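Got your viewer open and a selection tool handy? Load the model below and we'll walk through it one pick at a time.

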Amino acid sequence: MTATVSYADVEVGTALPPLSVNVQRVNLVMYCGASGDFNPIHWNQRFAQAVGLPDVIAHGMFTMASACRVVTNWVGDPGAVVEYGVRFTRPVVVPDDDTGAVIEVSAVVDEKRDDGTVRVTVTATSEGQTVLGRAQAVVRLA
Amino acid sequence: MALNQDFLGKVYPASQPYEVGREKIREFAIAIGDMNPAYHDEDAAKALGHRDIIAPPTFPFVVSMRASAVAMFDPGLGLDYSRVVHGEQRFAYTRPVTAGDRLVVVTTIEAIRVAAGNDILTTRSDISTVDGEPVVTAWSVTVARGTAEESA
């Protein structure tokens, strides 16, 4: 593992560079194929609305993956991530138009541990509402 | 129908090996919009100390989801799959999933509970190589909405 961020240079409160992720229907279709999760709520508007959703929604795992990019972009080596977990609190609704949805991701270091790792808490929002809860990664720094 | 508490702690036999292909990793990384060279470029991954390109941190769910179907669709457990949503997901990594890995998954039913009329199932997926090297453990919380009995 070769993290490019040094443990010594990081403090509690260090903010990671934020990320804005545009999600369109094609991205969900790609994620269906790549992940093997073809649940129609992620690509079929008729089905999604029939089960009470406002529209097609992104896979929770797509949102989780998008949020993780803030951490892996920062640390350089994705292999430096030793733990990552989230709660799925609200779906990301993806309309069938030319703009889709946007997931805004930010993150801050909130704990430095004695073993050379830090804990990062990630915030992900769409339409101004948080879509993940208790989203935290533990990362081993250089 | 509430989940069958007798299944708490049940451990399912190891899954058939999942062989992690380079192109599958690249396809997955592109699907999440992530062009980190560690996922795409062998030389870049090796420069970071990896044997080959590595998979994004959430990729193990592709492997664990497939394997945990044995629990999700276990008829005795009583999970109404038509009503499930993904409640939580967590990973603890020994090392990143790497191209060329042949992975097997042991699925364990770790928790069964009821909250607000929902059945809540926690499965743990211990993912290791066919040679027994631990790689990653994944915990998935699955919520079946409104399926728990009133008395629960």
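Predicted model: local features only at pLDDT ≥ 70, side-chain atom pairs only at ≥ 80, totals over all residues.

Residues are numbered from 1 along each chain as its sequence is written, and chains are lettered from A and ligands numbered from 1 in the order in which they are written.

**Stop 1: chain A**

Select chain A and colour by secondary structure. Helices here are DSSP runs of H or I with at least four residues, strands are runs of E with at least two, and both are numbered from the N terminus. The C-alpha trace spans about 50 × 30 × 25 Å along its principal axes. Of the 142 residues in chain A, 42% are buried. Buried means 20 or more other C-beta atoms within 10 Å of the residue's own, exposed means 12 or fewer, partly exposed is in between, and C-beta atoms are placed from the backbone.

**Stop 2: the core**

Now pick A:Ala67, A:Val71 and A:Val122. Within the largest nonpolar core, which has 74 residues, these three touch the most other members. Helix α3 (residues 60-75) of chain A gives the most to this core, with ten residues. A nonpolar core is a set of buried Ala, Val, Leu, Ile, Met, Phe, Trp, Tyr and Cys residues joined through C-beta atoms within 7 Å.

Centre on A:Val122. Leaving aside neighbours within four places in sequence, its contacts include A:Ala67, A:Val70, A:Val71 and A:Leu132. Contact means that the C-beta atoms of two residues, placed from the backbone, lie within 7 Å.

**Stop 3: strand β2 of chain A**

Which strand of chain A pairs with β2(A) over six bridges? That is β6 (residues 132-140), in the antiparallel sense; look for A:Tyr84 opposite A:Ala137. Pairing requires at least two DSSP bridges between the strands.

Next, select A:Val86, which lies in β2 of chain A. Why does A:Val86 count as buried? Because it has 26 C-beta neighbours inside 10 Å. Not counting residues up to four places away in sequence, A:Val86 touches A:Met64 and A:Ala67, among others, and in chain B it touches B:Glu88 and B:Gln89.

**Stop 4: across to chain B**

Show both chains. β2(A) and β2(B) pair in the antiparallel sense over five bridges, with A:Val86 opposite B:Gln89 and A:Gly85 opposite B:Arg90.

Zoom out to the whole interface: 29 residues of chain B are in contact with 29 residues of chain A. On the chain B side, β2(B) gives the most, with eight residues.

**Stop 5: helix α1 of chain B**

Select B:Ile25, B:Phe28, B:Ala29 and B:Ala31, which are buried in α1(B). Look down the helix axis: the buried residues fall within an arc of 160 degrees (taken from the directions from the axis to the C-beta atoms), so they line one face of the helix. They pack against α1 (25-35) of chain A, together with α2 (37-40) and α4 of chain B. Finish on B:Gly33, which follows the helix and has a positive phi, near 70 degrees.
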